[in-house]
Amino acid sequence: MSFADLRQFLSYLEERREVLHIHDEVDPIYQLGAYVRKTSDVGGPALVFHMVKGSDVPVVGGVLATRRRILMAYGVDTDQEAIEKFLYALDHLVPTRRVETGVCQEVVLTGNEVDMGRLPIPTFSLGDGGPYITLGMVISKDPDTGSKNAAIRRIEVKGKNKLGIMAHGHTGIQQARAEARNQYLEVAIALGCDPIIPLINAWKAPYGVDELTLAGAIRGEPVEVVRCRTVDLEVPATAEIIIEGRIPPHVREPEGPFGEVTGYQTDNSDKQVVEVTAITHRRDPIYQTIVTGVPSTEHHMLKQIGIEATCYADLKGRFPGVKAVHFPAAGAVGWLVVVSMKQAGKYEARNVLAHLLSISPFKMAIVVDDDIDVYNLEQVVWAVVTRCQFDKDVVMLPRLRSSTLDPAAEEPGVSCGMGIDATRPFGQPFPQMSVIPGVDKVPDLLAMLSRQLGR
Ligand SMILES: Cc1cc2nc3c(=O)[nH]c(=O)nc-3n(C[C@H](O)[C@H](O)[C@H](O)COP(=O)(O)O)c2cc1C
Ligand SMILES: [Mn+2]
């Protein structure tokens, strides 16, 4: 099953009691972000804000803030199925399908009509430099090869028709190539897409792979795209809102601070800007936002399945005993990886650790036995403290290239890697785990309580 657009997914969630409508007026400065933060803190519903101060556009937040809703977006029941679907799709990309018209262009605003202030873009954390677009899919093309890219970037609203952008990754490669030719890099920012698109745009596809073709493969149907009005790019036709613009060469302006995926404020520094050339949208658009910050947030949730799937496939090819791979939100998704496995022989877990730590920017890797659920951090920590002797089972690899966002790094982009072998000593006797038989046969006690209380 696939969803044509964000709305169809919202209806699907609505039927499953996963959507809460907020009709009271909410301030886009901090208050709206606080609601979205809270719902992700309690594993709560997606939120639709019908009255956002200063704008007539409703806002939706927290749509993909739980793993449960992410599995619904993938159309699967289990984590393992999502991972298999992702890996199959990687080998079976589905090209985008060009259509002549799209609802994302029902209203077209250009020139003086462009005003970012009309959109209900929230300001999130104390100290942030301004309002931030947090779920903008930045679409651009390589000026040398024409290859396409789509990636989520943080985007600061700096004026009526000006944005600041953290153009790292593939967007950064394309911008540098355009700059080398003294050219603008055209961009289109898609907001409010079918849920697979943000899930794929948060994953590092190999350079040259158009993320929309991978999204098409997971959907099982091509992503329909329509030509932009003021730039030579194609965007998802069913998006809610599209911002078209261009990044001028050799221009950098202060951007930030912003509360990041690490859970810390990042400084203000000079970054690229986007000159907005058009805003196009549906007749009655919805603005989609997400929260980022101290784990766990929707930002962390969005990143997990892609990185877990590809890390799993990589490990499985080398170490067939690997059972599952998880990147907990607590590790800012990327800095901590937990792997469960059945070792083929003594010390194999240490080879897995060595391999993991060589893949930048994992700061910490833990290998546990296959009876431990990698998604359950309590079990993982239990394995670490009960199956490990730290003088023998912890390895340190000082001074690895890592994330430039590591707040504890003494030298930017350089961190110490740590691996923990939390498997039981191979082939040696080890105490039996205590088990109370029949726990799985006990009925749903919370449902029984609800019935007993009559609600
Ligand atoms: C909510 C969210 C915000 C993100 N913001 C940024 C950002 O500002 N800059 C950046 O380089 N990556 C950011 N990322 C990570 C990129 O989306 C991710 O690394 C993606 O793979 C980049 O695409 P690329 O491989 O085409 O460069 C963000 C991810 C999410 C989920
Ligand atoms: Mn890319």
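Along the chain, the donors of the manganese ion (ligand 2) follow the spacing N-x20-H-x40-E. These protein donors are Asn149 (OD1), His170 (ND1) and Glu211 (OE), lying 2.1 to 2.2 Å from the ion. Donors are here N, O and S atoms within 2.8 Å of the metal (3.2 Å for Na, K and Ca); water is not among the atoms, so sites may look incomplete. Asparagine 149 belongs to strand 7 (residues 148-159) and histidine 170 to helix 5 (residues 169-180), so that this pair, 21 residues apart, links distant parts of the chain. Helices (H or I, at least four residues) and strands (E, at least two) are DSSP runs, numbered from the N terminus.

The model is predicted: local features need pLDDT of at least 70 and side-chain atom pairs count only at pLDDT 80 or more, whereas totals for chains, interfaces and linings use all residues. Residues are numbered from 1 along each chain as its sequence is written, chains are lettered from A and ligands numbered from 1 in the order in which they are written, and side-chain values use heavy atoms, with hydrogens and water left out.

**Salt bridges**

The structure holds 33 salt bridges, each defined as a side-chain nitrogen of Lys or Arg within 4 Å of a carboxyl oxygen of Asp or Glu. One of them joins arginine 181 to aspartate 144, with the closest N and O atoms 2.8 Å apart. Arginine 181 lies in the loop between helix 5 and strand 9 (185-191), and aspartate 144 in the loop between strand 6 (132-141) and strand 7, so the pair ties together parts that are 37 residues apart in sequence.

**Domain arrangement**

The domain assignment, which is automatic or from a database, gives domain 1 (85-289) and domain 2 (319-421). Their C-alpha centres lie 33 Å apart. Contact, meaning heavy atoms within 4.5 Å, involves 5 residues of domain 1 and 4 residues of domain 2. The two domains bury about 390 Å² between them, 87% of it on carbon and sulfur atoms; buried area is the accessible area (1.4 Å probe) that two parts lose on being put together, summed over both. In domain 1, Val261, Thr262 and Tyr264 lose the most area to domain 2, together 72% of what that side buries. Across this interface the rule finds 0 salt bridges.

**Local backbone features**

Two cis peptide bonds and two positive phi values are listed below.

| Site | Feature | Value |
|---|---|---|
| Glycine 256 to proline 257 | cis peptide bond | omega about -5 degrees |
| Proline 295 to serine 296 | cis peptide bond | omega near 5 degrees |
| Alanine 332 | positive phi | about 55 degrees |
| Glycine 454 | positive phi | about 70 degrees |

Proline 257 lies in the loop between strand 13 (253-255) and strand 14 (258-259). Serine 296 is placed in the loop between strand 17 (287-289) and helix 8 (298-318). Alanine 332, which is not a glycine, is found in the loop between strand 18 (322-326) and strand 19 (336-341). At the start of helix 12 (residues 445-453), a side-chain oxygen of aspartate 444 reaches to within 3.1 Å of the backbone nitrogen of leucine 446.

Definitions and conventions: Polar contact = N/O pair within 3.5 Å; in protein donor to acceptor, adjacent residues only side chain to side chain.
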